[in-house]
Amino acid sequence: MSIDVSGLTKTFPSTGSGRRGDFVALDDVSVSLPTGQLTALLGPSGGGKSTLLRIIAGLDTADTGTVTIEGTDATRLPPQKRNVGFVFQHYAVFKHMTVAKNVAFGLEIRKRPKAEIAERVDELLKLVHLSQFAHRLPSQLSGGQRQRMALARALAVEPSVLLLDEPFGALDAKVRKELREWLRRLHDEVAVTTVFVTHDQEEALEVADEIVVINEGRVEQVGTPDQLYDDPANDFVMSFLGEVTHLSGTVVRPHDIDVSTSPQFAGAVEGTVSRMLRVGFEVRLHVLTVDGEDVSVVMTRTHARSVGIREGSTVWLTVAAGATVVPSMRAASQVEMAG
């Protein structure tokens, strides 16, 4: 394993007059991140993913636990001795330096020979498709170009691990999509162990080899995108990795519900279409069941037309064969409250 984290705990003092104890950012976190892979730390804001990344980088310290990088205990090592590259969301570039000088900076402070620096900078600018902008200032680049420059600068010192903290968070949706596709190609070409923080589920599913889902300072599940999507550990993981709805005490994805205008299957739940919305090729239904559940259903426009669905229609809902289903914690808590 490239990075081994064991028993990490990190708390921050509460602030304000209504103090209720320390905020637990990480709660006994242990995880191993494979060498050469692109791993996403995924979770909601405030869940602890950026704190974990900063502790791996040496920019923050844990209260307890250890960090091992490439077999070396890095728990007490300063950032500059960990051989990691770090890219922030807001670039952290030197505004008065050209693109080439920004990329060269880490090599210059390590006093590498000038010819070696020039060769490495030229190689990296070609890699990130910025050769023609070598002599421009960062202010003359687009947001996507500045982020590519920041990645080139981080790679210049040949780190054993590349850490990215929401690298595309400040960019618009179209540029984000272009850059994450580019990052995947870049990683395949450079093959450096990469860990990136994101709260964008689609970004993690599309780019990562492995995903670590973090919530409220704890690791909920670790696995490949397919493993997490098809076999989530709990309803939090399932709901965080895509839209879900509730049907008969289970959590299921809206596109995994079959709709019919007659009770064709045993266990089908009767309901009434209370709302029907067309979005492009999709038709989104809200079905109010006889049990009082408001169930979201997604169908193709063609399927909805062939079945003859209208607002006010009486329909029967069943979970499609092979669908991913997990027990609903909401239903379980309601049972506990009733008891």
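Tutor: Strand 15 and strand 16 form a hairpin with four residues between them, and Gly-292 in this turn has a positive phi of about 90 degrees. Strands are DSSP runs of E of at least two residues, numbered from the N terminus. The model is predicted: local features need pLDDT of at least 70, side-chain atom pairs count only at pLDDT 80 or more, and totals for chains, interfaces and linings use all residues. Residues are numbered from 1 along each chain as its sequence is written, and side-chain values use heavy atoms, with hydrogens and water left out.

Student: How many bridges join strand 15 to strand 16?

Tutor: Strands of a sheet pair through backbone hydrogen bonds, either parallel or antiparallel. Two strands count as paired if DSSP finds at least two bridges between them. Here strand 16 (residues 294-300) runs antiparallel to strand 15, joined by seven bridges; Arg-284 has Val-298 as its bridge partner in strand 16.

Student: In what sense do strand 14 and strand 15 pair?

Tutor: Strand 14 (residues 269-279) pairs with strand 15 in the antiparallel sense over eight bridges. Gly-271 has Thr-289 of strand 15 as its bridge partner. These two strands also form a hairpin, with two residues between them and Gly-280 in the turn at a positive phi of about 65 degrees.

Student: Which side chains of strand 15 are buried?

Tutor: In a regular strand the side chains alternate between the two faces of the sheet. Along strand 15 (residues 282-289), Val-283, Leu-285, Val-287 and Thr-289 point to one face and are buried (under 20% relative accessible area, 1.4 Å probe, protein chains only).

Technical notes. Buried means under 20% relative accessible area, exposed over 50%, partly exposed in between (1.4 Å probe, protein chains only).
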